[in-house]
Amino acid sequence: MNKRENNNLKIIKKIESIFINLYEKNGLKGFSINDLCKESGIAKSTFYTYFENKNSILNSIENELLDNMDDLINKLIDKKFIEFGISNESSYAFIEYIRINHDVLKALLGPLCDQKFEINFKNIIEKNFTPIFQNEKNNSKSVEFACMIFSSTIIGLCKYFIFENQSLENSEI
């Protein structure tokens, strides 16, 4: 990555970071692009160089997080850490994912969030775990129900660790 690309990436990450702070506190409709630019210390023209509007920032952040979750699950499945149950290794990997993405997940799963992210998060989990549950169950309704319970549990655990200020130390799990 050359110096210019590195600088562009820093600007994008700064805008996204300020966006997450404003989004968590105010919801999407509770702040303007002017507010975001002022907080970020950038001109509106700089903002529009990188993003079309607030929704494009939100979509970018959500897609990156969902892609990372999808990659994590696939790696764990490929390594056979996840079979029908969850191993310590996969539990630690999920905890690390939550720890690394804590602030962003807190904003995207918080009370002022758009439910679209949670639905997409759930869909990623269900997409990846459906084949595993299909190997264990022969009834499509049982598979659908098992996936729904499993995805709801994973999201519930994320919310528990994030909003109940629970420790995310592997040694305590």
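Which residue caps the N-terminal end of H2? In this predicted model, where local features need pLDDT of at least 70, side-chain atom pairs count only at pLDDT 80 or more and totals for chains, interfaces and linings use all residues, the cap is serine 32. A side-chain oxygen of serine 32 lies 3.3 Å from the backbone nitrogen of asparagine 34. Residues are numbered from 1 along each chain as its sequence is written, and side-chain values use heavy atoms, with hydrogens and water left out.

Let's step back to the whole fold. The protein has eight helices and zero strands (DSSP runs of H or I with at least four residues, and of E with at least two, numbered from the N terminus).

Now return to H2. Its buried residues (under 20% relative accessible area, with exposed meaning over 50%, for a 1.4 Å probe and protein chains only) are Ile33, Leu36, Cys37 and Ser40. They sit on the same side of H2 because they cover an arc of only 95° around the axis, taken from the directions from the helix axis to the C-beta atoms. On the other side, Lys38 and Glu39 are exposed. After H2 comes glycine 41, with a positive phi near 70°.

What about the interior? Leaving aside neighbours within four places in sequence, phenylalanine 19 is in contact (heavy atoms within 4.5 Å) with residues including Leu36, Ile57 and Ile61.

Notes:
Polar contact = N/O pair within 3.5 Å; in protein donor to acceptor, adjacent residues only side chain to side chain.
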